[in-house]
Amino acid sequence: MKTVCKILIVSLLTVFVITAKAQSLSPQDAIVAAMKNSENDWNNGKLDNFMKMYTDSSTMMYPA
């Protein structure tokens, strides 16, 4: 479980850094922008756009 979380965190941070460089934003501003976009996509029912932030290999795990 810890390995999955680490992979997810690294993947998300990579997306944020790439976004920051593409938009000339600081990493902090890129993270805020990505999270706002994610929030807006979720609230507007745009699940495909919401999920673009995550890797195809991401999984959700619940405690047993």
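Of the 64 residues of the protein, 16% count as buried, where buried means under 20% relative accessible area, exposed over 50% and partly exposed in between, with a 1.4 Å probe and protein chains only. The model is predicted: local features need pLDDT of at least 70, side-chain atom pairs count only at pLDDT 80 or more, and totals for chains, interfaces and linings use all residues. Residues are numbered from 1 along each chain as its sequence is written, and side-chain values use heavy atoms, with hydrogens and water left out.

**Overall fold and surface**

- The protein has three helices and zero strands; helices (H or I, at least four residues) and strands (E, at least two) are DSSP runs, numbered from the N terminus.
- Along the sequence the pattern reads α-α-α.
- The accessible surface comes to about 5300 Å², and 63% of it belongs to carbon and sulfur atoms. Accessible areas come from the Shrake-Rupley method with a 1.4 Å probe, and for residues only the protein chains shown count as cover.

**Confidence**

- The average pLDDT, the predictor's confidence in each residue from 0 to 100, is 77 for the protein, and 80% of the residues score at least 70.
- Confidence is lowest in helix H1 (residues 2-23), with a mean of 70, and highest in H2, with 87.
- Where pLDDT is low, the predicted coordinates should not be read in detail.

**Helix H2**

- H2 has 17 residues and spans 24 Å from its first C-alpha to its last, close to the 24 Å expected at 1.5 Å a residue; the expected span is 1.5 Å times one less than the number of residues.
- Its buried residues are Ala 30, Ala 34, Ser 38 and Asp 41.
- Seen down the axis of H2, these buried residues fall within an arc of 70°, so they line one face of the helix. The arc is that of the directions from the helix axis to the C-beta atoms.
- Gln 28, Val 32 and Asn 43 are exposed on the other side of H2.

**Ser 38 and its contacts**

- Ser 38 belongs to helix H2 (residues 27-43) and is buried, at a relative accessible area of 7%.
- Leaving aside residues up to four places away in sequence, Ser 38 touches Phe 50 and Met 53, contact meaning heavy atoms within 4.5 Å.
- Of these two partners, Phe 50 is buried with a relative accessible area of 16%, and Met 53 is buried with 11%.

**The aromatic pair**

- The structure holds one aromatic pair.
- The rings of Trp 42 and Phe 50 have their centres 5.0 Å apart and their planes at 55°, so the pair is tilted. Rings of Phe, Tyr and Trp (its six-membered ring) pair if their centres lie within 6.5 Å; planes under 30 degrees apart count as stacked, over 60 as edge-to-face and the rest as tilted.
- Trp 42 is exposed, at a relative accessible area of 54%, whereas Phe 50 is buried.

**The segment after H3**

- Lys 52 is found in the segment after helix H3 (47-51), and Met 53 lies in the segment after H3 too.
- Lys 52 is exposed, with a relative accessible area of 63%, while Met 53 is buried.
- Lys 52 and Val 15, 37 residues apart in sequence, are 10.0 Å apart in space, C-alpha to C-alpha.
- Met 53 and Leu 12 are 41 residues apart along the chain, and their C-alpha atoms are separated by 7.0 Å.
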